[in-house]
Amino acid sequence: MIEVRNLKKSFRVHVKKPGLLGSMRSLFVRNWVEKHALKGVSFNVEPGEIVGLLGANGAGKTTLVKTLAGIVYPSDGDVKILGHVPWERKNEFRRQIALIMGQKAQLWWDLPAEDCFLLLREIYSIPRQKFHDKLNFLSETLGITEQLNIQIRRLSLGERMKMELIAALLHEPRVVFLDEPTIGLDFTAQKAIRDFILQYRSQHQPAMILTSHYMEDIKALCKRIIIIREGEFIYDGPLQNIVNTYTKHKIVSLHLEKEISPPNIPHEIVAAEPQFLKIKIPRDQVAPSVNSLLQSLPVADLTIEEQAIEDVIEALFRGEM
Ligand SMILES: Nc1ncnc2c1ncn2[C@@H]1O[C@H](COP(=O)(O)OP(=O)(O)OP(=O)(O)O)[C@@H](O)[C@H]1O
């Protein structure tokens, strides 16, 4: 559904020296630098897949999503979405996609949500009965039927976001771009939106790309993630494999029945108390090492932990892995 080959996007940015003198100089001499926001990325997304796009601020996520949605024209590369080139912005393409940006209101601010939806019904030529059934279903699922007659500007952030979702999905798009759909929302609203996205996925099998800084969104919705750093993909694969791929150790914690002095073992002891030890053990040596620890120490309880997925991803963002 989404095919991307060697996609590049550069922005020409004007730079000026700080201060008044710098401003004066820039009136006469303009200095430009080339900012490479996407440096040749390639990937596919299949029907029913929700791909999580992760990266630090400025990594290139929004530029990628906007290019795929046809809002930004790329510098190079090929993109086909349902067989269409997005930046040609053909009606047939626009009818089949949705772009939801949590940071940007897309609905008409002064109209009640229901009027906004009626306008969208006209724009997308949705048959009357289908529209009403769909709107009833979506608003009931999201629990905002009573707010449909309230002006968008008077809704709470969470209510507005739910209306934005309805507006974007009324025409049943086959490709959905979600850019920070739960930003600033409380836990209940975040969960409602996540459940709703999953429900939409199971009913319509769209291809979805989700960017979010909330790991809870990613864990709940995405089996596959792409990590982007400075315009390049550094990981594209299952979320669950990321810890195995990038961490070489597991952490073994031992609670002891009695006090002992730190034992002489061939692994790094990361924390030691009289009745507690935390040991870093290479992944491939965990089973034999734990076996020998159990035999040599008075172990009361034992836990084996992976490094938290959030920590691994953050380290990847920073280029530390
Ligand atoms: N219109 C533009 N003109 C110049 N530079 C731009 C423009 N849009 C984006 N950039 C630059 O391209 C880079 C990628 O920006 P982008 O908005 O795609 O990052 P992001 O990963 O979405 O970040 P965030 O998580 O902060 O939203 C940044 O360095 C940004 O400053």
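I'm working from a predicted model, where local features need pLDDT of at least 70, side-chain atom pairs count only at pLDDT 80 or more, and totals for chains, interfaces and linings use all residues. Residues are numbered from 1 along each chain as its sequence is written.

**Ligand shell.** Phe11, Val13, Lys35, Ala37, Gly55, Asn57, Gly58, Ala59, Gly60, Lys61, Thr62 and Thr63 came up. Helices here are DSSP runs of H or I, at least four residues, and strands are runs of E, at least two, numbered from the N terminus. β1 (2-15), β2 (31-45) and α2 (61-68) each supply at least two shell residues, and α2 gives the most, with three.

**Domains.** I checked the domain assignment (bounds from an automatic or database source): domain 1 is 2-243 and domain 2 is 248-305. Their C-alpha centres lie 46 Å apart.

**Helix pair.** I then looked at α6 (residues 157-169) and α7 (residues 187-204), whose axes come within 10 Å and cross at roughly 10°. Axes are lines fitted to C-alpha atoms over the stretch in contact, with angles from 0 to 180 degrees between N-to-C directions. The two helices are therefore roughly parallel to each other (angles under 35 degrees count as such). For contacts (C-beta atoms, placed from the backbone, within 7 Å), I noted Gly158, Met161, Lys162, Leu165 and Leu169 in α6 meeting Ala189, Ile193, Phe196 and Tyr200 in α7.

Notes. A residue is near a molecule or strand if its C-beta atom, placed from the backbone, lies within 6 Å of it. Angles under 35 degrees count as roughly parallel, over 145 as roughly antiparallel, 65 to 115 as roughly perpendicular and the rest as oblique. Two residues are in contact if their C-beta atoms, placed from the backbone, lie within 7 Å.
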